[in-house]
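Please keep the sequence and the structure at hand while reading.

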Amino acid sequence: MRWRHPVFGCLILALTLVPAASDVPSVSVRHAWVRETPPGITMTAGYMELRNNTSQPQVLVAASSSGFETVMIHRTIVKDGMAGMVHASQIELAPNASLIFAPGGYHLMLMNSKRTLRAGDPIVINLKFRGGLVLAVDFEVRK
Amino acid sequence: MNKPALKFSIMTTTVALAAMLAGVWLAEIYREHDSRAMLLPDQVITLFPDPKPLTAFALTDHKNRVFDLASLKGKWTFLFFGFTHCPDICPTTLAVLAHARENIAKNKAGTEDIQFVFISVDPNRDTASKLRQYVEYFDTTFLGVTGDNMQIGNLAEQLGAAYQVTITPGMENYPVYHSTAVFLLNPRARYHAVFTPPHDAEAVSKRFKVVRELEAGNPT
């Protein structure tokens with residue numbers, strides 16, 4: 001059959017690879033979750049693993065969510081035996097590297113939630129990167 | 001114009017002392033085999049060889065009951081300083097402690113003689129009712145305690161717990177810094193040991209099991 005010709009084979013392979021390659025976003029997010037809010041509390045934190053899939057640095061410059069009045073990039077630091085939070089105006093992701101937001105370290109500080117968050121609720125947080133990339137990320141609310 | 005209305009900070013030598021002791025820990029105790037306990041450095045807990053007796057303090061719990069020196073007698077107390085507007089460290093630690101309590105509940109000795117106390121260093125925002133909602137969310141047996149700044153400072157100083165609250169007029173989310181350690185007081189109201197972060201429920205409950213067994217066989 002003509003379709004078995006190696007040229008066609010290569011062409012089909014090339015055509016399937018092209019869209020696959022362009023599907024990989026410059027930054028991908030995994031394990032995104034937000035801590036459930038205790039009753040009466042309107043403040044919580046979001047955690048995730050960011051991966052820079054490019055060979056250039058990517059810079060996270062802002063975050064926002066329709067579920068919260070304010071979202072800020074924060075980092076818990078321990079100084080003189082005390083924990084406190086410092087605001088990070090931006091975070092640079094090294095080329096082809098991951099950065100983990102986890103309890104006790106980097107986190108998205110989510111302030112003034114518009115409703116009580118219960119485990120299992122979906123929440124979308126938009127992550128803005130320098131250069132215009134905006135990722136709408138689904139975060140899972142967990143206890 | 002931007003001056004803090006209130007700023008206070010507690011730092012005592014106890015923190016440095018605890019660090020120097022570098023986590024003295026009884027690694028393995030095989031009481032039934034009559035072998036000797038070993039003292040080894042430990043990442044999780046620092047045991048004090050000569051637990052310091054605490055002196056009088058006066059605070060109030062989330063049900064508006066007095067929480068003072070007498071409240072410590074007869075119970076092992078796990079104590080953590082924080083504030084409810086804390087999005088990261090406090091809920092993380094309280095969730096770990098709730099899990100540790102579940103683990104301890106499975107031990108034969110149970111949880112009758114244990115209490116978990118969350119001390120808010122932010123009485124300005126953390127009223128009794130706010131504390132009640134907050135601590136009971138993590139575990140219905142948890143106590144939420146606070147008081148005036150002098151009395152919080154009194155207890156914090158005895159434990160070497162550092163904290164700093166900077167109430168800034170017009171600033172809703174003013175900065176609060178606080179110790180991340182979990183303090184363990186023994187049923188004689190003495191400062192027995194301190195758990196150092198990052199806290200892990202399994203590690204905390206396992207260490208506590210040994211500490212309690214050791215004390216049960218060694219009442220003084």
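Chain A averages a pLDDT of 88, with 85% of the residues scoring at least 70, where pLDDT is the predictor's confidence in each residue, from 0 to 100. Over residues 13–20 of chain A the pLDDT is below 50, and this stretch has zero contacts in the model beyond near neighbours in sequence; two residues are in contact if their C-beta atoms, placed from the backbone, lie within 7 Å. For chain B the mean pLDDT is 85, and 80% of its residues reach 70 or more. Residues 1–38 of chain B stay under 50, although the model has 63 contacts beyond four places in sequence for them. Where pLDDT is low, the predicted coordinates should not be read in detail. For the complex, the predictor gives an ipTM of 0.80 and a pTM of 0.83.

This is a predicted model, in which local features need pLDDT of at least 70 and side-chain atom pairs count only at pLDDT 80 or more, while totals for chains, interfaces and linings use all residues. Residues are numbered from 1 along each chain as its sequence is written, and chains are lettered from A and ligands numbered from 1 in the order in which they are written.

**Between the chains**

In the interface, 20 residues of chain A are in contact with 23 residues of chain B. On the chain A side, the elements giving two or more residues are strands S2 (44–52), S4 (68–79), S5 (82–87) and S8 (106–113); helices (H or I, at least four residues) and strands (E, at least two) are DSSP runs, numbered from the N terminus. S5(A) is joined by two bridges to strand S11 (residues 176–179) of chain B, and the two run antiparallel. Within this pairing (two strands pair if DSSP finds at least two bridges between them), Ala83(A) has His178(B) as its bridge partner.

**The sheet of chain B**

Eight strands of chain B form an open sheet with mixed pairing, in the order S4-S13-S12-S7-S8-S9-S5-S6. Strands S4 (45–53) and S6 (66–68) of chain B stand at the edges with a single partner strand each, so one side of each is left without a neighbour in the sheet. Inside the sheet, strands S8 (residues 114–120) and S9 (residues 143–146) of chain B run parallel and are joined by three bridges, and Val117(B) has Leu143(B) as its bridge partner in S9(B).

| Helix | Partner | Angle |
|---|---|---|
| H4(B) | S9(B) | about 150° |
| H3(B) | H6(B) | roughly 45° |

**Helix against helix**

The axes of H3 (residues 89–105) and H6 (residues 201–216) of chain B come within 8 Å. The contact is made by residues including Val96(B), His99(B) and Ala100(B) of H3(B) and Val204(B), Ser205(B) and Phe208(B) of H6(B).

**Two backbone details**

The peptide bond from Pro197(B) to Pro198(B) is cis, with omega near 0°, and Pro198(B) lies in the loop between strand S13 (190–195) and H6 of chain B. In chain A, His31(A) has a positive phi of about 50° although it is not a glycine, and His31(A) lies in strand S1 (residues 27–35).

How values were computed:
Axes are lines fitted to C-alpha atoms, for helices over the stretch in contact, and angles run from 0 to 180 degrees between N-to-C directions.
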